[in-house]
Amino acid sequence: MENRISGTTRLLGLIGSPVGHSGSPAMYNYSFQKLGLDYVYVAFDVKKEAVGKAMEAMRTFGMRGMNVTMPDKTEAVQYMDELSPAARLIGAVNTIVNDDGKLIGYITDGEGFVNNLRDRGIDVAGKKITVAGGGGAATAIQVQCALDGAREISIFNRKDAFFSRTLEMAEKIQKEKPGCIVRAFDLADDAKMKEEIDDSDIFVNATIVGMKPLDDQSVVKDPSAFRPGLIVCDAVYNPKETKLLREAKQAGCTCISGEGMLLWQGVSAFKLYTGQDMPVQEVREKFFAVQ
Ligand code: NAD
(Lines give C-alpha, C1' and ligand atoms only; values in the text may rest on other atoms or scores of the structure.)
Protein backbone atom coordinates (compact mmCIF):
# COMPACT_ATOMS: atom_id res chain seq x y z
CA MET A 1 0.00 0.00 0.00
CA GLU A 2 2.69 2.54 1.07
CA ASN A 3 4.48 2.07 -2.29
CA ARG A 4 1.52 3.34 -4.23
CA ILE A 5 0.65 6.42 -2.12
CA SER A 6 2.27 9.55 -3.51
CA GLY A 7 1.81 13.31 -3.63
CA THR A 8 -0.89 12.93 -6.28
CA THR A 9 -2.98 10.21 -4.55
CA ARG A 10 -6.59 11.32 -4.09
CA LEU A 11 -8.67 10.51 -1.07
CA LEU A 12 -12.02 8.75 -0.90
CA GLY A 13 -13.78 7.79 2.28
CA LEU A 14 -16.68 6.41 4.21
CA ILE A 15 -18.53 8.44 6.84
CA GLY A 16 -21.00 7.16 9.42
CA SER A 17 -20.92 5.91 13.00
CA PRO A 18 -19.80 3.27 13.76
CA VAL A 19 -17.61 2.45 10.74
CA GLY A 20 -14.91 0.26 12.31
CA HIS A 21 -16.58 -2.96 11.11
CA SER A 22 -16.84 -1.81 7.47
CA GLY A 23 -15.39 -3.97 4.71
CA SER A 24 -15.41 -1.04 2.25
CA PRO A 25 -11.80 0.21 2.79
CA ALA A 26 -10.39 -3.27 2.06
CA MET A 27 -12.64 -3.75 -1.00
CA TYR A 28 -11.91 -0.32 -2.55
CA ASN A 29 -8.16 -0.22 -1.79
CA TYR A 30 -7.72 -3.72 -3.22
CA SER A 31 -9.54 -2.62 -6.39
CA PHE A 32 -7.48 0.60 -6.73
CA GLN A 33 -4.28 -1.39 -6.43
CA LYS A 34 -5.48 -4.05 -8.87
CA LEU A 35 -6.42 -1.43 -11.51
CA GLY A 36 -3.46 0.88 -10.79
CA LEU A 37 -5.72 3.78 -9.80
CA ASP A 38 -4.21 6.61 -7.77
CA TYR A 39 -6.76 6.69 -4.93
CA VAL A 40 -6.85 5.67 -1.28
CA TYR A 41 -10.02 4.93 0.73
CA VAL A 42 -10.34 5.50 4.48
CA ALA A 43 -13.23 5.17 6.99
CA PHE A 44 -14.07 8.15 9.22
CA ASP A 45 -16.33 7.93 12.28
CA VAL A 46 -18.56 10.97 11.72
CA LYS A 47 -21.65 11.53 13.87
CA LYS A 48 -24.78 13.09 12.38
CA GLU A 49 -24.10 16.56 13.81
CA ALA A 50 -20.67 16.69 12.09
CA VAL A 51 -21.86 15.79 8.56
CA GLY A 52 -21.82 19.46 7.44
CA LYS A 53 -18.17 19.77 8.50
CA ALA A 54 -17.33 16.52 6.67
CA MET A 55 -18.84 17.96 3.48
CA GLU A 56 -16.73 21.10 3.88
CA ALA A 57 -13.64 18.92 4.44
CA MET A 58 -14.42 16.93 1.29
CA ARG A 59 -14.18 20.16 -0.72
CA THR A 60 -11.16 21.50 1.21
CA PHE A 61 -9.16 18.27 0.71
CA GLY A 62 -10.30 17.87 -2.90
CA MET A 63 -11.60 14.39 -2.06
CA ARG A 64 -13.09 12.55 -5.03
CA GLY A 65 -16.04 11.40 -2.97
CA MET A 66 -17.51 9.69 0.04
CA ASN A 67 -19.72 6.76 0.86
CA VAL A 68 -22.23 7.51 3.57
CA THR A 69 -23.65 5.01 6.04
CA MET A 70 -25.95 5.17 9.05
CA PRO A 71 -26.82 7.52 10.70
CA ASP A 72 -25.63 10.11 8.15
CA LYS A 73 -27.49 9.10 4.98
CA THR A 74 -30.48 11.47 5.30
CA GLU A 75 -28.49 14.24 6.99
CA ALA A 76 -26.08 14.53 4.04
CA VAL A 77 -28.87 15.26 1.52
CA GLN A 78 -29.16 18.96 2.45
CA TYR A 79 -25.51 19.55 1.49
CA MET A 80 -25.82 18.17 -2.06
CA ASP A 81 -25.74 20.44 -5.13
CA GLU A 82 -27.48 17.77 -7.18
CA LEU A 83 -29.29 14.47 -6.48
CA SER A 84 -29.82 11.36 -8.62
CA PRO A 85 -33.50 10.53 -9.29
CA ALA A 86 -33.43 7.69 -6.71
CA ALA A 87 -31.70 9.82 -4.05
CA ARG A 88 -34.24 12.61 -4.60
CA LEU A 89 -37.19 10.21 -4.22
CA ILE A 90 -35.75 8.49 -1.15
CA GLY A 91 -34.29 11.59 0.54
CA ALA A 92 -31.01 9.83 1.36
CA VAL A 93 -27.55 9.38 -0.18
CA ASN A 94 -24.92 6.65 0.25
CA THR A 95 -22.48 7.86 -2.42
CA ILE A 96 -21.28 11.42 -2.96
CA VAL A 97 -19.17 12.40 -5.96
CA ASN A 98 -17.18 15.63 -5.70
CA ASP A 99 -16.94 17.10 -9.19
CA ASP A 100 -14.57 20.06 -8.68
CA GLY A 101 -16.49 21.27 -5.63
CA LYS A 102 -19.95 20.32 -6.91
CA LEU A 103 -21.36 17.56 -4.69
CA ILE A 104 -23.63 15.05 -6.43
CA GLY A 105 -25.56 12.61 -4.22
CA TYR A 106 -26.57 9.09 -5.27
CA ILE A 107 -28.05 6.07 -3.53
CA THR A 108 -26.68 2.84 -4.92
CA ASP A 109 -28.35 0.32 -2.53
CA GLY A 110 -31.30 -0.21 -4.87
CA GLU A 111 -29.00 -0.57 -7.90
CA GLY A 112 -27.00 -3.07 -5.85
CA PHE A 113 -30.14 -5.12 -5.29
CA VAL A 114 -31.23 -5.01 -8.93
CA ASN A 115 -27.76 -5.64 -10.37
CA ASN A 116 -27.18 -8.57 -8.02
CA LEU A 117 -30.36 -10.15 -9.40
CA ARG A 118 -29.28 -9.30 -12.94
CA ASP A 119 -25.94 -11.03 -12.29
CA ARG A 120 -27.99 -14.15 -11.55
CA GLY A 121 -30.01 -13.78 -14.74
CA ILE A 122 -33.09 -12.25 -13.08
CA ASP A 123 -34.62 -9.01 -14.40
CA VAL A 124 -37.10 -7.10 -12.21
CA ALA A 125 -38.86 -5.60 -15.26
CA GLY A 126 -42.44 -6.86 -15.53
CA LYS A 127 -42.24 -8.68 -12.16
CA LYS A 128 -44.45 -8.45 -9.09
CA ILE A 129 -42.31 -7.93 -6.00
CA THR A 130 -43.37 -8.13 -2.35
CA VAL A 131 -41.05 -6.28 0.03
CA ALA A 132 -41.03 -6.43 3.83
CA GLY A 133 -39.68 -3.15 5.19
CA GLY A 134 -40.04 0.61 4.96
CA GLY A 135 -36.61 1.75 6.13
CA GLY A 136 -33.54 2.80 4.15
CA ALA A 137 -32.70 -0.50 2.42
CA ALA A 138 -36.34 -1.34 1.69
CA THR A 139 -37.12 2.07 0.20
CA ALA A 140 -34.05 1.96 -2.01
CA ILE A 141 -35.08 -1.47 -3.30
CA GLN A 142 -38.68 -0.39 -3.94
CA VAL A 143 -37.66 2.79 -5.79
CA GLN A 144 -35.07 1.06 -8.00
CA CYS A 145 -37.43 -1.82 -8.84
CA ALA A 146 -40.11 0.71 -9.87
CA LEU A 147 -37.57 2.75 -11.91
CA ASP A 148 -36.42 -0.48 -13.60
CA GLY A 149 -39.91 -1.48 -14.71
CA ALA A 150 -41.42 -3.72 -12.01
CA ARG A 151 -45.11 -4.36 -12.69
CA GLU A 152 -46.33 -4.32 -9.09
CA ILE A 153 -44.79 -3.72 -5.66
CA SER A 154 -46.53 -4.76 -2.42
CA ILE A 155 -44.92 -3.41 0.73
CA PHE A 156 -45.38 -4.73 4.27
CA ASN A 157 -44.20 -2.88 7.36
CA ARG A 158 -45.08 -3.21 11.00
CA LYS A 159 -46.98 -0.30 12.56
CA ASP A 160 -43.91 1.36 14.07
CA ALA A 161 -42.26 4.73 13.40
CA PHE A 162 -41.53 3.61 9.81
CA PHE A 163 -45.16 2.93 8.90
CA SER A 164 -46.21 6.47 7.91
CA ARG A 165 -43.02 6.81 5.86
CA THR A 166 -43.87 3.49 4.17
CA LEU A 167 -47.30 4.80 3.14
CA GLU A 168 -45.79 8.10 1.95
CA MET A 169 -43.12 6.33 -0.12
CA ALA A 170 -45.68 4.01 -1.70
CA GLU A 171 -47.66 7.07 -2.80
CA LYS A 172 -44.52 8.87 -4.03
CA ILE A 173 -43.33 5.88 -6.09
CA GLN A 174 -46.81 5.38 -7.52
CA LYS A 175 -46.88 9.03 -8.62
CA GLU A 176 -43.40 8.83 -10.16
CA LYS A 177 -44.11 5.53 -11.95
CA PRO A 178 -47.85 5.35 -12.66
CA GLY A 179 -47.34 2.13 -14.65
CA CYS A 180 -46.29 0.27 -11.49
CA ILE A 181 -48.98 -0.64 -8.94
CA VAL A 182 -47.63 0.15 -5.46
CA ARG A 183 -49.54 -0.75 -2.30
CA ALA A 184 -48.64 -0.88 1.40
CA PHE A 185 -49.96 -3.18 4.14
CA ASP A 186 -49.49 -3.96 7.82
CA LEU A 187 -46.81 -6.62 8.39
CA ALA A 188 -49.04 -8.15 11.11
CA ASP A 189 -51.56 -9.20 8.45
CA ASP A 190 -50.13 -12.69 7.80
CA ALA A 191 -53.04 -13.76 5.54
CA LYS A 192 -52.55 -10.72 3.27
CA MET A 193 -48.83 -11.35 3.16
CA LYS A 194 -49.41 -14.94 2.01
CA GLU A 195 -51.91 -13.74 -0.61
CA GLU A 196 -49.42 -11.20 -2.00
CA ILE A 197 -46.51 -13.68 -1.99
CA ASP A 198 -48.68 -16.27 -3.80
CA ASP A 199 -49.04 -13.77 -6.61
CA SER A 200 -45.40 -12.53 -6.62
CA ASP A 201 -42.30 -13.46 -8.60
CA ILE A 202 -39.92 -12.09 -5.96
CA PHE A 203 -40.11 -11.72 -2.17
CA VAL A 204 -37.61 -9.51 -0.33
CA ASN A 205 -36.93 -8.98 3.35
CA ALA A 206 -35.40 -5.56 3.96
CA THR A 207 -36.25 -5.22 7.65
CA ILE A 208 -33.74 -5.91 10.41
CA VAL A 209 -35.54 -9.19 11.20
CA GLY A 210 -33.10 -12.06 10.67
CA MET A 211 -30.11 -9.90 11.61
CA LYS A 212 -28.55 -10.43 15.05
CA PRO A 213 -30.10 -10.29 17.68
CA LEU A 214 -33.30 -11.12 15.70
CA ASP A 215 -31.58 -14.02 13.91
CA ASP A 216 -34.06 -16.58 15.28
CA GLN A 217 -36.96 -14.77 13.53
CA SER A 218 -38.36 -14.45 10.00
CA VAL A 219 -40.83 -11.90 8.62
CA VAL A 220 -42.65 -14.78 6.92
CA LYS A 221 -44.32 -16.56 9.84
CA ASP A 222 -45.89 -19.27 7.71
CA PRO A 223 -43.31 -21.03 5.45
CA SER A 224 -46.17 -22.58 3.44
CA ALA A 225 -46.16 -19.18 1.66
CA PHE A 226 -42.99 -20.39 -0.16
CA ARG A 227 -43.11 -22.40 -3.37
CA PRO A 228 -40.57 -23.64 -5.91
CA GLY A 229 -39.97 -20.91 -8.50
CA LEU A 230 -40.40 -18.04 -6.05
CA ILE A 231 -37.25 -15.90 -5.73
CA VAL A 232 -36.56 -15.03 -2.09
CA CYS A 233 -34.02 -12.33 -1.25
CA ASP A 234 -32.73 -10.96 2.04
CA ALA A 235 -31.07 -7.56 2.44
CA VAL A 236 -29.63 -8.84 5.73
CA TYR A 237 -26.03 -10.00 5.21
CA ASN A 238 -25.09 -10.92 8.76
CA PRO A 239 -25.72 -13.84 9.12
CA LYS A 240 -25.17 -14.81 5.50
CA GLU A 241 -28.03 -17.31 5.62
CA THR A 242 -31.01 -16.01 7.59
CA LYS A 243 -33.91 -18.06 8.94
CA LEU A 244 -36.00 -16.69 6.03
CA LEU A 245 -33.53 -18.01 3.45
CA ARG A 246 -33.14 -21.36 5.23
CA GLU A 247 -36.90 -21.97 5.21
CA ALA A 248 -37.32 -20.71 1.65
CA LYS A 249 -34.49 -22.99 0.48
CA GLN A 250 -36.18 -25.99 2.10
CA ALA A 251 -39.34 -25.14 0.14
CA GLY A 252 -37.41 -25.11 -3.15
CA CYS A 253 -37.21 -21.31 -3.67
CA THR A 254 -34.28 -19.60 -5.40
CA CYS A 255 -32.52 -17.84 -2.51
CA ILE A 256 -30.36 -14.70 -2.69
CA SER A 257 -28.53 -13.34 0.37
CA GLY A 258 -27.78 -9.69 1.23
CA GLU A 259 -24.05 -10.07 0.55
CA GLY A 260 -24.48 -9.78 -3.22
CA MET A 261 -26.47 -6.54 -2.84
CA LEU A 262 -23.65 -5.20 -0.66
CA LEU A 263 -21.07 -6.10 -3.31
CA TRP A 264 -23.06 -4.61 -6.20
CA GLN A 265 -23.90 -1.32 -4.44
CA GLY A 266 -20.12 -0.94 -4.09
CA VAL A 267 -19.62 -1.75 -7.77
CA SER A 268 -22.01 1.09 -8.70
CA ALA A 269 -20.28 3.57 -6.38
CA PHE A 270 -16.82 2.55 -7.70
CA LYS A 271 -17.95 3.33 -11.25
CA LEU A 272 -19.29 6.72 -10.19
CA TYR A 273 -15.98 7.65 -8.51
CA THR A 274 -13.52 6.28 -11.04
CA GLY A 275 -15.46 5.75 -14.29
CA GLN A 276 -14.07 2.18 -14.25
CA ASP A 277 -15.48 -1.23 -13.45
CA MET A 278 -14.54 -2.75 -10.12
CA PRO A 279 -12.82 -6.14 -10.64
CA VAL A 280 -16.00 -7.85 -9.39
CA GLN A 281 -14.89 -11.45 -9.66
CA GLU A 282 -11.63 -10.92 -7.76
CA VAL A 283 -13.36 -8.78 -5.11
CA ARG A 284 -16.06 -11.40 -4.73
CA GLU A 285 -13.54 -14.21 -4.32
CA LYS A 286 -11.40 -12.27 -1.87
CA PHE A 287 -13.97 -10.57 0.34
CA PHE A 288 -17.36 -12.27 -0.09
CA ALA A 289 -18.77 -15.72 0.61
CA VAL A 290 -21.24 -15.57 -2.35
CA GLN A 291 -19.46 -16.77 -5.50
P1 NAD B 1 -33.75 0.92 8.91
O2 NAD B 1 -33.49 1.18 10.37
O3 NAD B 1 -33.78 2.06 7.98
O4 NAD B 1 -35.14 0.13 8.78
C5 NAD B 1 -35.50 -0.88 9.69
C6 NAD B 1 -36.71 -1.64 9.15
O7 NAD B 1 -36.93 -2.81 9.97
C8 NAD B 1 -38.02 -0.84 9.20
O9 NAD B 1 -38.83 -1.23 8.11
C10 NAD B 1 -38.65 -1.31 10.52
O11 NAD B 1 -40.05 -1.15 10.55
C12 NAD B 1 -38.27 -2.78 10.47
N13 NAD B 1 -38.26 -3.44 11.80
C14 NAD B 1 -37.49 -3.11 12.87
N15 NAD B 1 -37.72 -3.99 13.87
C16 NAD B 1 -38.65 -4.89 13.41
C17 NAD B 1 -39.29 -6.02 13.98
N18 NAD B 1 -39.01 -6.44 15.23
N19 NAD B 1 -40.19 -6.68 13.22
C20 NAD B 1 -40.47 -6.28 11.95
N21 NAD B 1 -39.90 -5.22 11.36
C22 NAD B 1 -38.99 -4.52 12.09
O23 NAD B 1 -32.66 -0.16 8.50
P24 NAD B 1 -32.01 -0.38 7.05
O25 NAD B 1 -30.83 0.49 6.90
O26 NAD B 1 -33.08 -0.31 6.04
O27 NAD B 1 -31.47 -1.89 7.20
C28 NAD B 1 -32.34 -3.01 7.16
C29 NAD B 1 -31.49 -4.27 6.96
O30 NAD B 1 -30.93 -4.23 5.65
C31 NAD B 1 -30.31 -4.38 7.93
O32 NAD B 1 -30.12 -5.73 8.25
C33 NAD B 1 -29.12 -3.88 7.10
O34 NAD B 1 -27.89 -4.45 7.51
C35 NAD B 1 -29.51 -4.38 5.73
N36 NAD B 1 -28.91 -3.62 4.61
C37 NAD B 1 -28.30 -4.34 3.66
C38 NAD B 1 -27.73 -3.70 2.58
C39 NAD B 1 -27.04 -4.54 1.55
O40 NAD B 1 -26.35 -3.98 0.70
N41 NAD B 1 -27.22 -5.84 1.58
C42 NAD B 1 -27.79 -2.30 2.46
C43 NAD B 1 -28.44 -1.57 3.46
C44 NAD B 1 -29.00 -2.26 4.55
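**Close-up views of a predicted model**

**Figure 1. Helix α9 in the shell around the ligand.** Among the secondary-structure elements, α9 contributes the most to the shell around the ligand, supplying 3 residues. The model shown here and in the following views is predicted. In total, 22 residues surround the ligand, and the closest of them are G136, A137, N157, D160 and G258. Two helices, α5 (136-147) and α9 (258-274), each provide at least two residues of this shell. By residue class, the shell consists of 13 nonpolar, 7 polar and 2 charged residues.

**Figure 2. Polar contacts between the protein and the ligand.** The side chain of D160 places a polar atom 2.6 Å from an oxygen atom of the ligand. At G258, a backbone N or O atom lies 2.8 Å from a ligand nitrogen atom. A polar backbone atom of L262 is 3.2 Å from an oxygen atom of the ligand. Of the 860 Å² that the ligand exposes when taken alone, 84% is buried by the protein.

Figure 3. The largest nonpolar core holds 50 residues, of which M55, I96, F113, C145, I153 and I202 touch the most other members. Helix α5 gives the most to this core, with 6 residues. The surroundings of M55 are shown in detail: leaving aside neighbours within four places in sequence, M55 is in contact with I15, M66, Y79, M80, I96 and L103. In soluble globular proteins, nonpolar side chains tend to be buried together.

Figure 4. The peptide bond from M70 to P71 is cis, with omega near 5°. P71 belongs to the loop that links β3 (65-68) and β4 (82-83). The bond from K212 to P213 is likewise cis, and its omega is near 5°. P213 is located in the loop between β10 (202-205) and β11 (231-234). Most peptide bonds are trans.

**Figure 5. The backbone at D100.** D100 is not a glycine, yet its phi is positive, at about 50°. Most residues other than glycine have a negative phi. The loop that contains D100 runs between β5 (95-99) and β6 (102-106). With a relative accessible area of 83%, D100 is over the 50% cut-off and is therefore classed as exposed.

Figure 6. The relative accessible area of T207 is 17%, under the 20% cut-off, so T207 counts as buried. The side chain of T207 makes a polar contact of 2.8 Å with the side chain of N205. A polar atom of the T207 side chain also lies 3.0 Å from the backbone nitrogen of V209. When residues up to four places away in sequence are not counted, T207 touches A132, G133, V219 and V236.

Terms used: Residues numbered from 1 in each chain as written. Predicted model: local features only at pLDDT ≥ 70, side-chain atom pairs only at ≥ 80, totals over all residues. Heavy atoms only, no water. Near = heavy atom within 4 Å. Polar contact = N/O pair within 3.5 Å; in protein donor to acceptor, adjacent residues only side chain to side chain. Areas by Shrake-Rupley, 256 points an atom, 1.4 Å probe, with all protein chains shown as cover. Helix = DSSP H or I, 4+ residues; strand = E, 2+ residues; numbered from the N terminus. Nonpolar A, V, L, I, M, F, W, Y, C, P; charged D, E, K, R; others polar. Core = buried A, V, L, I, M, F, W, Y, C linked by side-chain atoms within 4.5 Å. Buried < 20%, exposed > 50% of the residue type's maximum accessible area, 1.4 Å probe, protein only. Contact = heavy atoms within 4.5 Å.
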